[in-house]
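Dear colleague,

I am passing on the structure we spoke about, and I would be glad if you could look through it with the notes below beside you.

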Amino acid sequence: MEQIQCDVLIIGGGAAGSRAAFEAKKANPRLKVVVAVDSAYEAGGSTTVIASEALGINAPFDYGSDGDTPEIFEQDILQTGGGLADPALCRILARESEDRVRELMDMGLKFAARDGKPIAQKLSGCTKARSLTCGGSTGLEIVRVLKKHALEKGLKIIENTKILKLFQDQNGAVKGAYGIQAGKAVFIGAGAVVLATGGATAMFNINVSAPTQTGEGWAMAYDAGCRFTNMEFFQCGPAVMKPGMKFIIHSHMWRFIPKLSNKDGKEFLSSYVSGAVSEKEALDLKAMSYPFSVRTNAKYVDIAIFKEILAGRCLSNGGINFDVTHVSKAELLEKAPITYATLLKAGIDLAHQPLELGIAVQNFNGGVIIDENGSTGVEGLYAAGEVTGGVHGSDRPGGNNLSDTQVFGFRAGRAAAAFAENNGCANNAPEIETKNILADSEELKIIAESESLYYKEMTVVRRKEGVEKVLKFIDGKEKSAVSFQLKNRLAIGRLMAKAILAREESRGTHYREDKPETVESWRRRIVLQKGSDCMPREV
């Protein structure tokens with residue numbers, strides 16, 4: 001087994017990992033800082049996927065001249081979060097996002113601008129226009145800028161290395177991690193570890209993310225004893241159902257008031273909207289609410305699409321028809337140029353033909369509980385970005401995820417560097433066999449089965465009996481699981497299922513069809529941790 005030694009190990013190279021690596025190296029240039037990524041740098045994680053018309057990062061600069069302030073930003077986060085976001089973390093995010101974004105601009109990041117000033121957009125959950133964008137490539141551009149400057153400071157990058165298990169010493173302190181590289185086991189010893197692995201979109205068979213987003217960071221943190229919160233809240237939304245393509249449909253595309261029809265040619269939305277809202281109103285609201293959420297009546301659009309698909313009234317790729325052929329090509333090019341050009345390149349001309357649309361898993365609001373400096377509460381282990389919980393609540397303002405990566409990537413990187421200065425890494429980690437790391441062909445079949453089941457029972461429409469099917473499946477497969485890869489998938493599936501069952505109401509991105517009301521007594525966070533029996537318990 002190959003062994004590598006460093007002072008700070010960053011697991012994940014997206015926006016959060018790149019920021020943490022840059023800040024750790026900047027804080028102490030003498031430290032050896034290593035980033036381990038599951039693919040090529042700039043190719044893994046959700047940050048670098050160009051899958052939409054625009055990807056924003058929020059900061060209350062007031063470029064929109066609408067009176068934005070950090071205080072208003074903070075209230076937007078808390079309000080949109082349904083009372084379940086950590087107020088202390090929200091305050092930090094609102095007050096430090098300007099500094100972190102300004103630093104990116106100073107490093108060379110260029111946002112879309114008009115008359116020499118960045119253009120600020122108003123996204124879902126925001127009362128002011130504060131989202132800056134580089135089109136759909138904002139996340140990728142952030143990573144590129146941070147990578148360039150971190151490399152100049154001496155950062156070491158290890159690519160195509162899948163990390164699956166943390167190593168803890170006899171006192172429980174994290175001292176490194178095990179993984180697989182070029183088919184061989186590898187151990188990376190470290191004085192401090194930062195988890196920046198993102199979420200778990202690829203645990204579901206329909207998603208808009210890189211295939212590396214399989215929840216490994218959560219599984220490692222769970223096994224190490226970390227606490228988790230808001231695991232029942234994650235975002236799903238409309239996406240193109242074309243093999244090999246990951247692209248979401250949001251914003252102006254819904255203002256075109258598309259016709260939605262199933263495989264029989266029937267327009268179905270009228271069968272799902274409540275008497276309190278019209279089809280047009282629901283579609284128009286969808287323009288300001290990309291992810292499914294019970295916060296707005298746009299929810300009927302997602303529920304309708306999802307139920308039509310599950311009922312088998314879907315097209316060949318598992319979606320429904322989304323038709324905007326009543327809109328001129330000129331208007332499509334004016335209001336949705338990236339979407340139109342991207343789909344045209346893929347063989348779909350929106351001006352003349354419908355596209356096949358489904359619901360995909362996109363982003364997670366919950367995860368590992370951290371303090372203001374990214375500490376997980378387990379000695380030597382820090383976390384930043386989508387892998388963490390508490391920064392977002394039951395829902396979040398659009399554009400906040402990238403802000404989170406920069407504010408808490410900054411803090412976690414600096415805190416990890418400070419800890420590593422006085423804490424060495426493990427020098428003689430126990431050997432581990434490769435067969436215990438990656439799943440074999442039979443276990444890969446179980447993983448594929450889980451991806452389909454998780455999607456069907458734990459995404460848009462949730463019911464007690466459906467989630468209990470998930471738990472029964474996990475119970476039946478877990479005893480015979482050998483690899484960390486399969487064990488991790490099952491452990492995180494159980495963690496999400498337990499959180500979904502525990503919350504007996506509907507709130508934000510969590511819709512229990514059998515518990516459809518939002519209940520004031522449930523205005524509290526569910527916190528889960530591994531118990532002595534290795535099962536999740538509420539703490």
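The notes below go through a sheet, a helix, a loop residue and some aromatic side chains.

Please keep in mind throughout that this is a predicted model.

I would begin with an open sheet of 5 strands, whose order is β8-β3-β2-β12-β19 and whose pairing is parallel. The edges are taken by β8 (156-158) and β19 (381-383), and because each has a single partner strand, one side of each is left without a neighbour in the sheet. On average, neighbouring strands of this sheet are turned by 20° against each other, if direction is ignored. As background, the strands of a sheet pair through backbone hydrogen bonds, and they may do so in a parallel or an antiparallel way. Within this sheet, β2 (residues 8-11) and β12 (residues 192-195) run parallel and are joined by 4 bridges, and V8 has A192 as its bridge partner in β12.

Since 11 of the 13 residues of α1 are buried, the helix is largely enclosed by the rest of the structure. The cover over these buried residues includes β2, β3, α3 (87-106), α4 (138-152), β12 and α11 (400-420).

In the loop between β3 (33-36) and β4 (56-58) you will find S39. With a relative accessible area of 13%, S39 is buried, because the cut-off for buried is under 20%. Leaving aside neighbours within four places in sequence, S39 is in contact with G44, E159, N160 and T212.

Finally, a search of the whole structure finds 15 aromatic pairs. In one of them, the ring centres of F167 and Y178 are 6.2 Å apart and the planes stand at 85°, so the pair is edge-to-face. This pair links strand β9 (residues 161-168), which holds F167, to strand β10 (residues 174-181), which holds Y178. F167 also pairs with F187, with centres 5.6 Å apart and planes at 90°, so this pair is edge-to-face too. Because F187 lies in strand β11 (residues 184-189) and F167 in β9, the pair ties together parts that are 20 residues apart in sequence. F187 is buried, with a relative accessible area of 0%. Elsewhere, ring pairs link F204, W218, F234, F364 and Y454 into a cluster, and R462 lies over the face of F234, at 4.8 Å from the ring centre.

With best wishes

Terms used. Residues are numbered from 1 along each chain as its sequence is written. This is a predicted model: local features need pLDDT of at least 70, side-chain atom pairs count only at pLDDT 80 or more; totals for chains, interfaces and linings use all residues. Side-chain values use heavy atoms; hydrogens and water are left out. Two strands pair if DSSP finds at least two bridges between them. Helices (H or I, at least four residues) and strands (E, at least two) are DSSP runs, numbered from the N terminus. Axes are lines fitted to C-alpha atoms, for helices over the stretch in contact, and angles run from 0 to 180 degrees between N-to-C directions. Buried means under 20% relative accessible area, exposed over 50%, partly exposed in between (1.4 Å probe, protein chains only). Contact means heavy atoms within 4.5 Å. Rings of Phe, Tyr and Trp (its six-membered ring) pair if their centres lie within 6.5 Å; planes under 30 degrees apart count as stacked, over 60 as edge-to-face and the rest as tilted. A charge sits over a ring if NZ of Lys or CZ of Arg is within 6 Å of the ring centre and within 35 degrees of the ring normal.
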